[in-house]
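Dear colleague,

Please find below the structure that I am handing over to you. My findings follow it.

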Amino acid sequence: MLSVENLSKKFGEKQALRGISFEAHDGRVTGFLGPNGAGKSTTMRALLGLIRADSGTALVDGHAYATSRSPLTHVGAVLDAKSAHKGRSARSHLLAMAHTHGISRQRVEEVLAYAGLKDVDKRRAGGFSLGMSQRLNIAAAILGDPHNLVLDEPVNGLDPEGVRWVRELCRYYASTGRAVLLSSHLMSEVALTADDLVIIGRGRILAQFTVQEFLERYSSHAVRVITPTPNAFTTAFATLPQAHVEQLNSHGDEASVASGTAEFRITGIPLAQAAELIANQGIVVYQLNEERTSLEDAYLQLTHGATEYASSAAVQPQQPGQSQRPVDTAMEGVRS
Amino acid sequence: MSSHSHLHAMPQLSFSGALRSELTRFVSLRSTWVFLGITAVLFPIGAAFLSAVMRFASTIGPDGKPATTPAAIPGTVYWQSITTTGGTCAVLFAIFAALALTAEYSNSSIQTVFVANPRRMSVFWSKAIVAAALSMVASLVGIFVAWAVVAIVLAPAKLSPMENWQNSRMILMTFLGVALSMAAFAAMGVGIAALIRSTALSILAIFGLTYVLPLGISILASVGTNLSWLESVDSVMPTEAYSAFLRAGIEAYGSPGWVPDWWQAGLILAAWAVALSVAGSFVMRKVDIK
């Protein structure tokens with residue numbers, strides 16, 4: 001288990017972490033989400049003793065990582081994509097790590113084969129693609145068959161097969177009772193793998209959920225209707241007490257005023273029930289859409305204002321239900 | 001990953017493991033072999049050049065014409081020509097050792113090193129020991145080859161006899177003394193690298209300590225009327241201490257300032273290595289790896 005308690009860290013004038021606390025439990029994959037510069041990597045480095053916190057604690061299985069007598073069996077970590085010396089071969093990189101703990105050469109061979117690097121094990125890491133470097137990092141992370149995994153954006157640069165491989169590795173480790181802390185700035189990716197979510201922005205924990213809780217809270221859906229008969233429409237839906245009907249004023253443009261149309265957003269009832277009522281009442285509609293808030297939208301909403309680096313054409317966070325996007329495909333793959 | 005068949009025993013950190021790990025890191029880099037090769041070759045090249053010059057000089061009389069009988073070459077010169085490039089090699093070994101560490105900082109592989117072994121003192125000292133040991137071995141290889149070269153070049157020359165104790169001490173200094181000095185410079189290099197962590201600045205610092213600073217002190221001491229005490233300061237700089245150590249107390253060395261005995265010079269050199277290593281290790285222990 002990985003536990004962080006009131007962790008704070010300042011680099012010069014910049015407060016990187018502001019008293020954050022969370023836990024990554026055994027048997028679960030914990031997604032650690034946040035925009036660039038939010039403090040994810042700093043937190044992970046603090047867990048691994050690479051950074052000294054100004055205050056608070058970051059513990060691995062209840063102990064400071066630096067005091068472990070067998071660090072590689074406690075934590076396997078992927079931090080930087082290119083973390084091997086450019087002039088060293090993949091095999092030598094792993095062997096050097098293995099020697100620190102007296103891990104056998106056979107184990108090095110195992111992880112090389114598992115990562116699919118057997119054919120390039122004598123090539124220098126400097127010549128590796130980003131994807132191959134990530135595979136080497138993951139091979140290094142599992143070298144000691146650790147009880148915890150700390151993975152900082154491990155799928156960066158991986159091809160789809162590689163992304164699935166990392167996903168399966170995380171699930172496998174969790175299924176064997178180990179803790180996995182997986183950082184990313186992509187909600188859609190984490191939602192496919194994680195059990196729990198910790199969302200960080202500007203050095204603060206913004207929210208903590210299980211993925212299931214997050215889905216229930218933010219995967220709201222609504223029905224959007226454009227009709228030329230607004231009075232008949234509102235009268236019909238008044239008969240359904242569970243339906244909440246909101247008239248939107250987006251059609252205040254000249255064309256819609258001239259055509260006399262109105263746009264409504266209905267929540268609280270499923271699409272089928274709304275469509276059935278409209279058909280039964282003979283209401284004319286020009287448009288009928290189901291909309292869902294994507295996880296990414298909800299995530300952007302949560303981290304709005306906590307983004308350290310944003311482009312000038314910043315994405316405007318949308319309120320749940322305001323998405324113009326059709327059903328988010330990422331939702332379909334989310335484990336239940 | 002389904003197979004963990006080779007991890008039945010609980011792997012544990014150990015200092016011997018850290019040493020083995022560092023040795024693997026060093027020998028798995030081509031740059032290590034290039035550096036060690038260059039330094040090992042510099043010894044015989046310098047030895048061949050100096051011994052040939054000495055042999056030629058012995059055949060020239062005081063009037064500048066060929067002497068009828070070649071003059072005897074001092075016995076100390078025989079041994080000193082073996083290690084004539086020792087000062088240059090010392091600087092190269094310091095740079096070699098420093099690069100081994102600064103490269104890890106610059107390419108972020110230091111993260112992997114500290115994740116595998118979060119006991120940074122152990123990482124530092126294993127690196128310093130391996131760098132020093134490799135420098136010793138490379139210098140010994142170079143010295144043995146240089147010895148053979150000098151023996152061949154000066155075979156026809158006549159050597160002034162030395163007393164037995166002088167001969168023994170010169171042999172000891174030429175082989176063990178130089179090798180230990182190279183190890184000391186390598187340890188200094190790792191210490192400086194841990195203090196500075198930048199490749200360019202570390203190399204500058206090494207040049208500053210071994211060339212620029214002693215030169216500056218000497219110039220100041222010679223021009224300032226009340227600055228002759230700086231000669232004593234110059235004597236304790238690493239390269240001056242190395243030279244005094246290798247003179248082995250056999251040759252007198254004139255200086256207006258204090259000049260350490262050969263054994264004191266050896267201790268001064270060791271003190272530099274220990275001081276820079278200890279300082280570097282403490283900085284390495286404290287510094288954040290971002």
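**The interface between the chains**

About 4000 Å² is buried between chain B and chain A, and carbon and sulfur atoms give 54% of this area. The structure is a predicted model. In general, the accessible area lost when the parts come together is often used to give the size of an interface. Here the contact takes 50 residues from chain A and 42 residues from chain B.

Between the two chains there is one salt bridge. The side chains of K9(A) and D288(B) form a salt bridge, with 2.6 Å from N to O. Polar contacts join 19 residue pairs between chain B and chain A, both residues being at pLDDT 80 or more. On the side of chain B that touches chain A, at least two residues each come from α1 (15–27), α4 (86–106), α5 (109–116) and α11 (262–286) of chain B. The most is given by α1(B), with seven residues.

**A sheet in chain A**

Chain A has an open sheet of three strands in the order β2-β1-β4, with antiparallel pairing. Its edge strands, β2 (14–24) and β4 (55–60), each pair on one side only. From one strand to the next, the twist averages 20°. Strand β1 (residues 2–11) is joined to β2(A) by eight bridges, and V4(A) has F22(A) in β2(A) as its bridge partner. Helix α1 (residues 40–47) of chain A lies across β1, β2 and β4, at about 115° to β1(A).

**A buried glycine**

G144(A) is in the loop between α5 (130–141) and β6 (148–152) of chain A. This residue, G144(A), counts as buried because its relative accessible area is 4%, under the cut-off of 20%.

Yours sincerely

Note on methods:
Residues numbered from 1 in each chain as written. Chains lettered and ligands numbered in written order. Predicted model: local features only at pLDDT ≥ 70, side-chain atom pairs only at ≥ 80, totals over all residues. Heavy atoms only, no water. Pairing = 2+ DSSP bridges. Helix = DSSP H or I, 4+ residues; strand = E, 2+ residues; numbered from the N terminus. Axes fitted to C-alpha atoms, helices over the stretch in contact; angles between N-to-C directions. Contact = heavy atoms within 4.5 Å. Buried < 20%, exposed > 50% of the residue type's maximum accessible area, 1.4 Å probe, protein only. Buried area = accessible area lost by both parts, 1.4 Å probe. Salt bridge = Lys/Arg side-chain N within 4 Å of Asp/Glu carboxyl O. Polar contact = N/O pair within 3.5 Å; in protein donor to acceptor, adjacent residues only side chain to side chain.
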